[in-house]
Amino acid sequence: MTLKYGIKTAINGLKTNKSRSLLTILGIVIGVMAIIIMMSLGEGAKQLIVGQIQSIGPKTITISPGRRAKGPANILSTFSDSLKEKDLEALKKKENVPHLSEAMPIVFGSATAVYENETYQPGILGLTEFFSKMFNLYPSQGRVFTEDEVKSYANVAIIGSKVKKELFGNEEAVGQKIKIKNRNFRVIGVFPEKGQVSSLSFDNAIIIPYTTAQRYIFGIKYFNSIIVEADDEKNVNQTAEDITNTLRTSHNITDPDKDDFSVQTQVQAMEMINAILNVQTAFLTAIAAISLIVGGIGIMNIMMVSVSERTHEIGLRKAIGATDKDILNQFLLEAVLLTVIGGIIGIALGAFFSFIGALILTKFTALQWTFTFPVFAAILGIAVSAATGLIFGIYPARNAALKNPIEALRYE
Amino acid sequence: MALIEVKQLEKIYNNGEVETPALRGVSFNIEEGEFTSIMGPSGSGKSTLLHILGFLDKPTKGEYRFDGKTFNDYSPDEIARIRNKKMGFVFQSFNLLPRTSVLENVKLPLIYSGIKESLWDDMALRAIESVGLSHRIDHFPSQLSGGEQQRAAIARALVNNPQVMFADEPTGNLDSRSGGQIMELIEELNNKGHTIILITHETYTAEFSKRIITLKDGLIESDQIVVNRRISKEHFIK
């Protein structure tokens with residue numbers, strides 16, 4: 001029997017029981033749809049996070065205090081105060097870290113900000129003037145503070161769009177005085193809306209010189225982290241190593257297991273997040289795949305019914321010259337056709353719901369979520385549904401093929 | 001060499017511990033071009049004999065040669081091929097595929113024949129014409145009378161131009177008028193050179209053939225030439 005005729009026969013067979021065929025493939029449709037949605041959302045999340053990390057730049061290296069958490073027991077070490085001014089000085093020395101182009105300490109926390117009768121509690125970020133270049137973040141009004149203002153503990157602030165709205169409404173903010181922890185600050189700049197880098201949102205933040213933040217706002221002598229930029233992408237790994245060695249010397253650490261800081265390049269951060277997301281996506285997809293198995297059992301069940309209903313037809317076909325293989329192929333083709341149709345519908349529905357999901361996420365969150373149609377998932381969906389048809393169709397099809405033509409013809 | 005050679009054929013059905021003999025030593029030859037009826041009451045073994053002759057079943061003992069060869073000379077696929085190319089089957093209950101047009105039903109054996117698809121339509125149309133059903137090619141079996149359905153089934157049996165046509169009670173489900181027409185058609189086909197083996201329990205139907213083999217309890221009771229053949233166009237009354 002030719003493939004063309006086989007497909008024609010299979011379509012006729014399915015048409016005979018349209019509503020039954022449709023109900024049967026529902027399991028496959030739902031299974032493939034779930035897989036597509038999981039993979040599409042997973043891919044979207046990955047692109048979002050990777051995109052945000054990349055916006056900081058592949059040349060950056062983040063130094064965090066405390067050992068990198070290796071389990072729940074280590075979580076407390078995040079609050080370590082091991083990064084101090086002397087470490088920053090050491091890092092900036094050319095002989096220690098030759099490829100370092102910039103090093104910026106970060107101090108953060110939250111405090112109450114007051115303007116006239118308005119009170120608001122934004123996040124406070126203490127940085128150097130270099131943040132603008134590093135985060136590609138520039139005020140839409142006013143200016144960034146200068147190196148001198150950082151050195152001189154100046155009381156100047158650049159405020160995020162949301163902070164501006166809460167404190168000033170539609171009034172002009174630049175040049176006004178606000179109180180942070182009862183200390184007067186002059187607003188010198190306002191950021192445009194959606195100033196978001198990595199997991200930090202600047203809409204809801206006030207940026208002040210880190211020196212001022214340490215001394216007057218938080219009263220601390222350490223940094224929450226240091227961001228280093230290497231002079232070239234190819235020197236990032238070397239620089240990360242130099243930083244580690246410099247800090248070990250500065251902290252008198254000889255045993256690497258006792259490090260009280262951790263150094264992570266953007267590439268490492270991205271790899272880590274990728275790994276986590278991949279595991280998560282795979283896990284969710286595996287759960288979605290269970291419905292494919294359930295769907296496959298449904299297919300097997302209905303194929304058994306179909307074979308039994310058409311015993312007479314099988315007997316006739318065999319009597320007029322169909323081989324066992326012809327009969328096997330006929331029913332197998334019918335099962336595969338059924339599941340592949342289910343797979344195609346599932347892919348279409350999955351893509352549709354992923355798209356709707358992306359729209360909703362973009363509309364109701366501040367995330368720059370992009371809809372991605374995972375071509376790989378679509379191919380996988382077709383392949384998996386075809387395989388489901390083969391696996392769950394082979395048993396009923398074999399049953400059909402092995403029927404004795406005399407018995408089959410006598411069967412009423 | 002005869003087309004069909006049957007020597008001391010025995011068939012015993014084994015249902016667990018009970019052995020039921022259906023054929024107990026049957027011998028005959030059928031030459032090409034013959035029109036033979038196999039008669040007998042139910043339980044006489046005629047259906048069993050037809051299944052063996054049609055390579056649908058194997059004998060327990062004895063020998064059956066079709067075109068000089070036995071069942072065991074062929075692989076299962078070759079058996080299917082012989083049923084497809086050299087044998088045509090007509091059944092009591094027509095066995096047409098429902099919701100499938102007459103043309104598609106008649107084409108069915110061609111699907112398994114290995115013949116080029118471009119030739120199928122011509123072959124099927126010629127077979128349909130030979131049974132006088134050309135005006136019904138696009139009809140479904142449910143839209144046809146019993147007699148027309150049996151004609152379609154005969155066209156299907158003929159489409160590959162087989163060496164022999166087996167007809168198993170072809171008039172059993174028909175009224176006497178359509179039954180008569182079907183018998184006339186079969187007789188006509190024999191006149192054109194087709195070898196026909198007819199199974200029936202009706203003497204009247206059997207008398208259309210040239211030779212009657214009568215079975216009883218698994219043995220041949222008689223094997224004789226029909227002296228007073230019913231000839232075509234004679235009115236058929238059951």
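Author: Two residues are in contact if their C-beta atoms, placed from the backbone, lie within 7 Å of each other. The structure discussed here is a predicted model.

Reader: Which residues does A:I347 touch, not counting residues up to four places away in sequence?

Author: A:I347 belongs to helix 11 of chain A. Leaving out residues up to four places away in sequence, the residues that A:I347 touches are A:V32, A:I36, A:A378 and A:G381.

Reader: Does A:I347 count as buried or exposed?

Author: A residue is buried if 20 or more other C-beta atoms lie within 10 Å of its own. A:I347 has 24 C-beta neighbours inside 10 Å, and therefore A:I347 counts as buried.

Reader: What distance separates the C-alpha atoms of A:I347 and A:I30?

Author: Along the chain, A:I347 and A:I30 are 317 residues apart.

Reader: How many nonpolar, polar and charged residues does the contact of helix 9 of chain A with helix 12 of chain A have?

Author: Helix 9 of chain A contributes residues including A:G295, A:G296 and A:M300, and helix 12 of chain A contributes residues including A:G389, A:G393 and A:P396. By class, the contact of helix 9 of chain A with helix 12 of chain A has 13 nonpolar, six polar and no charged residues.

Reader: How do the residues of the contact of helix 3 of chain A with helix 8 of chain A divide by class?

Author: In this contact, A:K86, A:D87, A:A90 and A:L91 of helix 3 of chain A meet A:I243, A:T246, A:L247 and A:S250 of helix 8 of chain A. These residues divide into four nonpolar, two polar and two charged.

Reader: Which element of chain A gives the most to the side of chain A that touches chain B?

Author: The contact between the chains takes 16 residues from chain A and 19 residues from chain B. On the side of chain A, the elements that give two or more residues are helix 1 (3-16), helix 10 (311-319), helix 11 (324-364) and helix 13 (405-410). With four residues, the element that gives the most is helix 10 of chain A.

Reader: In the open sheet of three strands in chain B, which strands stand at the edges?

Author: The strand order is 2-1-4, with antiparallel pairing. Two strands have a single partner strand each, so one side of each is left without a neighbour in the sheet. The edge strands are strand 2 (18-30) and strand 4 (61-66) of chain B.

Reader: In strand 7 of chain B, what is the bridge partner of B:T36?

Author: Six strands of chain B form an open sheet with mixed pairing, in the order 5-6-7-3-8-9. Strand 3 (residues 35-39) and strand 7 (residues 195-200) of chain B run parallel and are joined by five bridges. Four bridges join strand 3 to strand 8 (residues 211-216) of chain B, where B:T36 is partnered by B:R211. In strand 7 of chain B, the bridge partner of B:T36 is B:I197.

Reader: Which residue takes a positive phi in the hairpin of strand 8 of chain B and strand 9 of chain B?

Author: Strand 8 and strand 9 (residues 219-225) of chain B run antiparallel and are joined by six bridges. Their hairpin has two residues between the strands. The residue with a positive phi near 50 degrees is B:D217.

Notes:
Residues numbered from 1 in each chain as written. Chains lettered and ligands numbered in written order. Predicted model: local features only at pLDDT ≥ 70, side-chain atom pairs only at ≥ 80, totals over all residues. Nonpolar A, V, L, I, M, F, W, Y, C, P; charged D, E, K, R; others polar. Pairing = 2+ DSSP bridges. Buried ≥ 20, exposed ≤ 12 C-beta atoms within 10 Å, placed from the backbone.
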